[in-house]
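This report goes through a two-chain model, chain by chain and then at the interface. The sequence and structure come first.

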Amino acid sequence: MMGGICSRKREQLVIENGGCRGVSERFCKIASSKWLGNSFSRPIVDCQPGRGKCPSLMDLCIYKIREDIDKYSSFSILPRDISQQIFNELIHSRCLTDVSLKAFRDCALQDVFLGEYPGVKDSWMDFISSQGSSLLSVDISSSDVTDSGLALLKDCPNLQTFAFNYTDQLSEHGLKHISGLSNLTSLSFKKCDAITAEGMRAFSNLINLEKLDLERCSGIHGGFFHLKGLLKLKSLNIRCCKCVTDLDLKAISGITSLKELQAFSSNITDVGVSYLKGLHNLTMLNLEGCNITNACLESISALVALAVLNLNRCRLNDDGWEKFSGNKNLKVLSLGFSDITDACLVHLKDLTNLESLNLDSCGIGDEGLANLTGLTLLKTLELSDTEVASNGLRHLSGLTNLENLNLSFTLVNDSSLKKLSGLTSLKSLNLDARQITDAGLAALTSLTGLTHLDLFGARISDSGTKCLQYFKNLQSLEICGGGLTDAGVKNIKDLASLTLLNLSQNCNLTDKTLELASGLTALVSLNVSNSCITREGLQYLKPLKNLRSLSLESCKVTASDIKNLQSDALPNLISFRPE
Amino acid sequence: MRKEDMVKLISAEGFEFVIDKDAAMVSQTINNMLTSPGSFAETQHGEVTFPEISTTILEKICKYFYWHLQFASGKETEFPIEPELTLELMMAANYLHT
């Protein structure tokens with residue numbers, strides 16, 4: 001989560017885990033706009049006729065077929081790419097059913113992406129297998145397909161990509177049915193209990209496999225020796241597999257083709273990491289949350305190709321980092337939430353290729369930052385919750401490539417912020433700290449490229465908002481320090497690029513604020529909780545057709561008021577509070 | 001209307017549709033035929049023959065071209081498509097990049 005600049009820490013974890021829990025705390029920040037992007041699977045713009053861009057004749061025909069789908073018994077006379085387009089549209093619009101599926105038999109489709117699609121079961125596999133040797137990619141994640149359905153895939157010998165995540169219908173016996181699909185290059189069985197040590201035998205013949213995803217599988221311990229012969233394997237994901245131990249890594253220590261290993265939150269220790277030493281092609285290693293200490297640094301320093309290394313939430317302190325300076329190819333390094341201090345940073349100063357450094361919640365102070373002055377390629381620097389204070393910022397003045405800087409919950413004050421005024425590449429800046437005020441913001445008006453500005457807890461008043469006119473490109477803005485009135489919102493109303501606006505906890509804001517915001521038609525997320533907004537103010541939100549998330553907790557607005565607004569004018573609104 | 005502003009599209013059965021060049025250019029394929037450098041017959045005579053497109057379908061396609069121009073100028077009406085034409089129309093639309 002480097003650069004997850006708008007998210008509170010508790011949410012960072014949730015996002016890392018790929019969970020879909022929403023934002024629960026009433027007054028916490030709206031999570032980042034990234035969260036909105038992740039959780040809604042369908043795009044907002046539905047390319048229907050009559051909405052701006054002229055639909056092609058092909059599109060019109062496809063919509064027509066979707067409307068009358070029951071009238072068609074077979075699309076097999078159509079060229080493959082056309083029937084594929086119709087098929088994709090039916091999935092996209094959730095119009096594909098047991099019946100309409102039959103029209104796609106023997107259409108020589110290449111892709112069948114039915115992940116999360118409702119109602120997929122064994123009988124659908126008959127249709128899938130009828131695509132025969134044309135079929136290249138299949139996703140039946142979260143379906144009710146069982147062993148016998150999976151057996152039908154044997155008729156599709158050219159299958160390259162197969163995903164069957166989140167299934168509890170499969171047995172380790174059923175897995176055997178994929179063992180003949182030797183053209184598979186990518187295989188995904190996230191959270192699948194059928195993947196046992198014995199079940200993994202089915203993978204041993206898949207000699208072309210490049211990518212294997214077993215995230216959250218609970219029974220894979222002991223099965224890794226079946227992967228030994230997969231000498232093209234480049235990417236292995238065993239995130240959150242608590243069962244994985246050091247011996248499992250020993251079993252894959254000879255797969256030197258590996259480039260990416262995701263072992264986030266598994267049961268690996270320093271001994272396990274030592275088995276990775278020979279993986280000289282490894283460019284990406286994620287050991288976040290593993291039970292490792294500084295003793296593993298020696299092993300990691302042997303991995304000279306490493307470009308991305310995540311050691312967040314490990315038991316690291318300042319010992320032994322001198323070995324580490326050999327990892328010259330590192331571009332992304334995450335050491336957040338560990339016990340390192342300035343003494344560790346001394347050994348990072350030669351990592352001059354670094355583009356991203358995460359020191360979130362580490363014991364870093366002003367002196368340590370002096371070691372970063374040579375890291376001029378840095379684009380992302382995460383210093384949230386550190387001891388960095390005003391004297392440290394001068395060391396950042398020369399990092400002119402910085403695009404994302406997080407200084408939330410640090411001790412920096414207004415007068416030091418002018419040290420940042422030359423960082424004109426900055427796009428995202430987090431100054432969520434109570435001691436920041438209008439004066440600090442005034443020192444930053446040269447940062448005209450900012451697209452994300454987080455002043456959540458800063459004490460910004462109406463007069464401070466005048467500086468916001470310099471940030472015409474802002475897409476997200478949070479000012480929740482309690483000091484704003486409607487007069488301040490006047491200086492926000494012209495920030496036409498805003499998609500996310502959080503003005504919660506400014507309890508003096510009234511309906512006038514919503515009237516002023518009514519021109520911000522790009523808004524996707526709006527939060528004015530804990531204010532004097534009333535039901536009468538909701539009318540001003542009607543032009544905000546892109547709005548998907550609206551939070552008006554502790555206002556004089558009820559859930560049914562918002563529901564009325566939703567059905568009247570805001571069809572895209574899918575998340576609102578109160579609810 | 002000047003002759004060079006018009007093009008002639010000829011169906012499989014030999015039926016000729018004379019339409020505005022602007023309308024025909026909605027099709028990326030026709031656009032390429034009429035503007036490609038060199039002396040293709042199509043470029044010289046403003047005439048394109050479609051041996052695989054029937055008269056009924058070509059007529060529908062010409063209607064679409066004009067509908068598209070209307071749409072682009074802000075008149076957003078519905079374009080009717082008869083269910084029995086859909087599959088054949090799609091194959092032509094695919095060929096014409098329309």
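The model is a predicted one, and every value below is computed from it.

## Chain A: overall form

Chain A contains 16 helices and 20 strands. Its radius of gyration is 27 Å, close to the 25 Å that the globule rule gives for 579 residues, so chain A is as compact as a globular protein of that length. Along the principal axes, the C-alpha atoms of chain A fill a box of roughly 70 × 65 × 35 Å.

Of the 579 residues in chain A, 55% count as buried. Taking contacts between residues at least 6 apart in sequence, 57% of those in chain A join residues at least 24 apart. The chain exposes about 22200 Å², and carbon and sulfur atoms supply 49% of that area. Chain A carries 58 positive and 62 negative charges, whose mean positions lie 3 Å apart.

## Leu90(A)

Leu90(A) sits in helix H4 of chain A, which spans residues 80-92. Is Leu90(A) buried or exposed? Its relative accessibility is 0%, and therefore Leu90(A) counts as buried.

Leaving aside residues up to four places away in sequence, Leu90(A) touches Arg66(A), Ile69(A), Cys95(A), Leu96(A), Phe104(A) and Tyr117(A). Leu276(A) is 186 residues from Leu90(A) in sequence, and their C-alpha atoms are 46 Å apart in space.

## Chain B: overall form

Chain B has five helices and three strands, arranged along the sequence as β-β-α-α-α-β-α-α. A compact globule of 98 residues would have a radius of gyration near 13 Å; chain B has 13 Å, which agrees. The C-alpha atoms of chain B occupy a box of roughly 40 × 30 × 20 Å along the principal axes.

In chain B, 41% of the 98 residues count as buried. Of the contacts in chain B between residues at least 6 apart in sequence, 60% join residues at least 24 apart. The accessible surface of chain B is about 5500 Å², with 53% belonging to carbon and sulfur atoms.

## Helix H5 of chain B

Helix H5 of chain B covers residues 86-96. Its buried residues are Thr86(B), Leu87(B), Leu89(B), Met90(B), Ala92(B), Ala93(B) and Leu96(B). An α-helix has 3.6 residues a turn, so residues three or four places apart point the same way.

Which helices do the buried residues of H5(B) pack against? In chain A they pack against helix H3 (57-67) and H4. In chain B they pack against helix H2 (28-35) and helix H4 (55-72). The H4 of chain A named here is the helix that holds Leu90(A).

## The interface between the chains

The contact between the chains involves 24 residues of chain A and 17 residues of chain B. The size of an interface is often given as the accessible area lost when the parts come together. For chain A and chain B the buried area is about 1800 Å², and carbon and sulfur atoms give 78% of it. On the chain A side, Cys54(A), Leu57(A) and Cys61(A) lose the most area to chain B, together 31% of what that side buries.

How values were computed:
Residues numbered from 1 in each chain as written. Chains lettered and ligands numbered in written order. Predicted model: local features only at pLDDT ≥ 70, side-chain atom pairs only at ≥ 80, totals over all residues. Heavy atoms only, no water. Helix = DSSP H or I, 4+ residues; strand = E, 2+ residues; numbered from the N terminus. Rg over C-alpha atoms; globule rule 2.2 N^0.38 Å. Buried < 20%, exposed > 50% of the residue type's maximum accessible area, 1.4 Å probe, protein only. Contact = heavy atoms within 4.5 Å. Areas by Shrake-Rupley, 256 points an atom, 1.4 Å probe, with all protein chains shown as cover. Buried area = accessible area lost by both parts, 1.4 Å probe. Lys, Arg positive; Asp, Glu negative; His and termini not counted. Charge placed at Lys NZ, Arg CZ, Asp CG, Glu CD.
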